[in-house]
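Hi everyone, thanks for coming. I'd like to walk you through a structure that may be new to you, so please have a look at it with me.

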Amino acid sequence: MGHIKGLKCRECSREYPVAPIYVCEFCFGPLEVSYDYKSISKAISRKKIEQRPQNLWRYREFLPIDGEPQVGLSSGYTPLLKADNLAKAIGATELYIKDDTVVHPTLSFKDRVVAIALTKAKEFGFDTVACASTGNLAHSVSAQGAKAGFKRFIFIPASLETSKITASLVFEPNLIAIDGNYDEVNRLCSEVANKYKWAFVNINIRPFYAEGSKTLGFEIIEQLGWKAPDNVVVPCASGSLLTKIWKSFKEFKDTGIIKELHTKVFAAQATGCSPIVAAIKNGTDIIRPVKPDTIAKSLAIGNPADGFYATQVVKETEGYGEDVSDQEIIDSIKLLAKTEGIFAETAGGVTLAATIKLIEKGKIKPDESIVICITGNGLKTQEALQGHTISPHYIKPSLASFEEALKNIKG
Amino acid sequence: MPVKVRIPTPLQRLTQGKEEVESIQGTIIAVVNDLDKNFPGIAERISENGKIRRFVNIYLNDEDIRFMNNEETVAKDGDEISIVPAIAGGAIRRTL
């Protein structure tokens, strides 16, 4: 049932067979999955998709597997919420939140990519999966790997916050806490990946893993009634999610699932780590690496692997990019919570704050449809809000004390 | 003392298995072209039209040349250059 043709270098177009490889032997460019779109067009229709269970595998023809889905059978198909309260607050008219704070099982969009990566790892015959991560990816590989019966090695910097370590440890992976910073963890992982025959989801399985992000884009189009939005705002770390959302929109167009596509794609980053947005604003496609300094840690990649491709998508679609301060991130997390009842992680604050600026600057027209991608749950990054929330009303256990407090409460 | 250049594993086939080779001093791109004289084919792998390929990181004494003058950054005798293929999704990496 697979529709994969093979792997292809994004830089020099050299072709490779389907295998757990990720980099072009010649020019070191990243490898990407290529498909036979003619056969996909024949195999798929809106009706067929609609009849399938509500999870990310309903778009399976566009995903790089050969057999049946094996992991993440309840992942994906998160709500697309019409956000009227928020729209009013920020001067938009038709605003939607793609709410990936509630992806099953670990509450971030990483559950999408890990579902595909682990299914592919099974197809390749691996018994061990691994990743280097400081947060969402570690949680997802730990959890989904447990259910799928893999041995799991999760590499983290030993200095991580206790709450983040606990959220991985509960699944009992082999958690390797390294006496070093995140760069050193990454470097060690690339050496481990060379030596041990394991499926490193974001290294040797990356071409397949990254394709999982497309499901977020497919869902947006289906949930809008088989229509692409006028504007979509996407948070950028490596830039992969942004390029894959655009790829998903184009694939639906190219295979006849939708007829029209005029979406503008916008990139959102924190000012303390904005190499992609800086390139967009400077009108260049040269990504200058930075040393990250932001509370949006899940977006803090100073040397983004897909940054160049993200700038190309923004240029091609006539979108733009915006970067925001830590204070703006916090304010936007609170605004989203107050208006729509959604608690987003710091990356979600980045995306909303950038959207507000893009509307203010006229880059996004307020009378057009806007989709904001919220990619992770705020319960995971609560420390970012410490000292920035309102306080409880402390009272004695008596009605009198309650009514005394009530005098100070306005509404 | 010439410029020392550390060669990553995927390119050691071109350097007869050597992990470290030597070059004349000069701009990064001049170093790359000098390497190519002794190890034909290496320049094509890491550069294109006088520019370092997008997915190759070059460090001069442990600092990314993109924080300096890119291809025009000058390496002097005694300096050490590391050539490191960027690995998709990774953060800044110092050595391999």
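Let's begin with an open sheet in chain A: it has six strands in the order S4-S5-S13-S10-S11-S12, and the pairing is mixed. The edge strands here are S4, residues 80–82, and S12, residues 321–324, and each of them pairs on one side only. From one strand to the next, the twist averages 25 degrees. Helix H10 of chain A, residues 240–254, packs on this sheet and touches strand S10 (231–235) and strand S11 (264–270). The direction of H10(A) makes about 150 degrees with that of S10(A). If you want a pair to look for, Lys82(A) stands opposite Tyr96(A) in S5(A). Please keep in mind as we go that this is a predicted model.

Now, how is chain A divided up? The domain assignment gives domain 1, covering 4–68 + 110–209, and domain 2, covering 80–106 + 213–385. Taken over C-alpha atoms, the centres of the two domains of chain A are separated by 22 Å. Their contact takes 22 residues from domain 1 and 22 residues from domain 2 of chain A. Which helices supply at least two residues each on the domain 1 side of chain A? They are H1 (37–43), H2 (46–50), H4 (110–124) and H5 (136–148) of chain A. H5(A) gives the most to that side, with five residues.

Let's move to another open sheet of chain A. Four strands form this one, in the order S8-S7-S6-S9, and their pairing is parallel. At its edges are S8 (174–178) and S9 (199–200) of chain A, each pairing on one side only. Strand S6, residues 128–132 of chain A, pairs with S9(A) in the parallel sense over two bridges. There you can find Ala130(A) opposite Phe200(A) in S9(A).

S1(A) has an antiparallel pairing over five bridges with strand S3, residues 31–35 of chain A, and Lys8(A) stands opposite Glu32(A) in S3(A). S1(A) is also joined by two bridges to strand S2, residues 15–16 of chain A, again antiparallel. In that pairing, Leu7(A) faces Tyr16(A) in S2(A). The hairpin of S1(A) and S2(A) has five residues between the strands, and Ser13(A) takes a positive phi near 65 degrees.

One more stop in chain A, this time for a pair of helices. How do the axes of H13, residues 326–340, and H14, residues 346–360, of chain A cross? They come within 7 Å and cross at roughly 95 degrees, so H13(A) and H14(A) are roughly perpendicular to each other. The residues of this contact divide into nine nonpolar, four polar and two charged. Among those in H13(A) are Ile329(A), Ile333(A) and Leu336(A), and the H14(A) residues include Val350(A), Leu352(A) and Ile356(A).

Finally, chain B. This chain contains two helices and nine strands, running β-β-β-α-α-β-β-β-β-β-β from the N terminus on. Of its 96 residues, 42% count as buried. For contacts in chain B with a separation of 6 or more, 49% come from residues 24 or more positions apart.

What does S6(B) pair with? One partner is strand S9, residues 80–85 of chain B, antiparallel over five bridges, with Ile58(B) opposite Ile83(B). Another is strand S7, residues 63–64 of chain B, antiparallel over two bridges, where Tyr59(B) has Asp64(B) as its bridge partner. S6(B) and S7(B) form a hairpin with two residues between them, and Asn61(B) in the turn has a positive phi of about 45 degrees.

Note on methods
Residues are numbered from 1 along each chain as its sequence is written. Chains are lettered from A and ligands numbered from 1 in the order in which they are written. This is a predicted model: local features need pLDDT of at least 70, side-chain atom pairs count only at pLDDT 80 or more; totals for chains, interfaces and linings use all residues. Two strands pair if DSSP finds at least two bridges between them. Axes are lines fitted to C-alpha atoms, for helices over the stretch in contact, and angles run from 0 to 180 degrees between N-to-C directions. Angles under 35 degrees count as roughly parallel, over 145 as roughly antiparallel, 65 to 115 as roughly perpendicular and the rest as oblique. Two residues are in contact if their C-beta atoms, placed from the backbone, lie within 7 Å. Ala, Val, Leu, Ile, Met, Phe, Trp, Tyr, Cys and Pro count as nonpolar, Asp, Glu, Lys and Arg as charged, and the others, Gly among them, as polar. Domain bounds come from an automatic or database domain assignment. A residue is buried if 20 or more other C-beta atoms lie within 10 Å of its own, exposed if 12 or fewer, and partly exposed in between; C-beta atoms are placed from the backbone.
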